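Okay, everyone, let's get started.

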Amino acid sequence: MWPDRRALDLFEIELPILQAPMAGANGAAMAAAVSAAGGLGSLPCAMLSADRIREEAAAIRAETDRPFNLNFFCHAPEEPDEATLEAWKARLAAYYDEFDIDPATPVTAPNRAPFDAAMADLVDELAPAVVSFHFGLPAEDLLERVKATGAVVMSSATTVAEARWLEDRGADAVIAQGSEAGGHRGMFLTNAVASQVGTFALVPQIADAVSIPVIAAGGIADGRGVAAAFMLGAAAAQVGTAYLFTPEATISELHRAALAHGSADETALTNVFTGRPARGLVNRVMREVGPLSDAAPPFPTAGGALAPLKAKAEAVASPDFSSLWSGQAMTLGRRQDSGALTRRLASEGLARLGGSPG
Ligand SMILES: Cc1cc2nc3c(=O)[nH]c(=O)nc-3n(C[C@H](O)[C@H](O)[C@H](O)COP(=O)(O)O)c2cc1C
């Protein structure tokens, strides 16, 4: 039996394995497979329209009647001024030249919309069992609306202060996101990238600071990591990068190949792709422009000027300008389907904890 049942009881799931929502990298197929296996599947909604979210939620429900999570971003969007956007284009001008792209090409960043009233309507309509947020929580009235649907609410914390803030505002669980994690840092009370804390130090300190269940995230990719999460005071593990190796991941072949050849010391936190720090495999644009650049315009607009470069490079099978999100534990990834991975993480974790399946 699991030594801590709080997350299992809160989410009404059998296995304390949460599949991390991964915008652009997973859809209904992965979420449904994880939930059907007894974990908690997640649908990342930040880059989807309301209609797509409806379709994806229906696709999950066609496969399983078990709980699943809808995930949203809740950053405060910042309008970049023209000068900032121009300076960013100037920083990338040599690459436009190299690829023969007209610098006057109009650009738009891939949409990453924050949670708003329309999305609150959708949560009301779809009534998911769980709603998770990244970059804090939405405004109080919107959060109240989500809670009124009966959904369990959680969000990521990268510091003890963020975890306390989430608990004080009514989160039912907190995801302690260590700096090993792939994708965007959920940081929202701090900009201090260099002082972001690793999972091993973050989880027990957050577990001591809050009374709601803590979910460990960042660098967990096998049973050893799951067991360690429990030993550190977590009641579940949220796993992202390991699921990028499953056939259900919706990433490009270039991304898959980069992950297969990556190693733990080849990722970095970078803001060049979106304007916010995120962990990915180091590639040319990260090496030459970043990994952290003061010239990157605010989230998510930095991606606009990169889009034509990404398209040209990918057309010749080059990942030089693509975001290759990855956590530091990518070499532990195995090609295995999402349901089997969920069961393996749980059974190997439980065995390490000395428990028996139950
Ligand atoms: C490709 C990718 C995309 C991600 N997108 C999101 C997202 O849309 N929403 C979110 O809350 N977290 C996102 N994350 C972060 C995860 O929730 C989680 O913190 C992280 O994957 C855990 O670390 P790991 O990758 O080492 O397992 C993403 C992570 C990756 C790898």
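So, strand 3 and strand 4, which is residues 130-134, pair in the parallel sense over five bridges. Keep in mind that this is a predicted model. If you want one spot to look at, find Phe72, which stands opposite Phe133 in strand 4.

If pairing is new to you: strands of a sheet pair through backbone hydrogen bonds, either parallel or antiparallel.

In what order do the eight strands run? They go 1-9-8-6-5-4-3-2, in an open sheet with parallel pairing. The edges are strand 1 (17-19) and strand 2 (41-44), and each of those pairs on one side only. Neighbouring strands of this sheet are turned against each other by 25° on average, ignoring direction.

Okay, on to the ligand. There are 21 residues around the ligand, and the ones that come nearest are Pro21, Asn71, Gly219, Gly240 and Thr241. Asn71 has a side-chain N or O atom 2.8 Å from a nitrogen atom of the ligand. Gln238 puts a polar side-chain atom 3.1 Å from a ligand oxygen, and for Gly182 a backbone N or O atom lies 3.2 Å from an oxygen atom of the ligand.

How much of the ligand does the protein bury? Taken alone, the ligand exposes 600 Å², and the protein buries 98% of that. And here's strand 3 again: strand 3 (68-73) and strand 9 (236-239) are the elements that give two or more residues to the shell around the ligand.

Methods. Residues are numbered from 1 along each chain as its sequence is written. This is a predicted model: local features need pLDDT of at least 70, side-chain atom pairs count only at pLDDT 80 or more; totals for chains, interfaces and linings use all residues. Side-chain values use heavy atoms; hydrogens and water are left out. A residue is near a molecule or strand if one of its heavy atoms lies within 4 Å of it. A polar contact is a pair of N or O atoms within 3.5 Å; within protein, one must be able to donate a hydrogen and the other to accept it, and residues adjacent in sequence count only if both atoms are side-chain atoms. Accessible areas come from the Shrake-Rupley method with a 1.4 Å probe; for residues, only the protein chains shown count as cover. Helices (H or I, at least four residues) and strands (E, at least two) are DSSP runs, numbered from the N terminus. Two strands pair if DSSP finds at least two bridges between them. Axes are lines fitted to C-alpha atoms, for helices over the stretch in contact, and angles run from 0 to 180 degrees between N-to-C directions.
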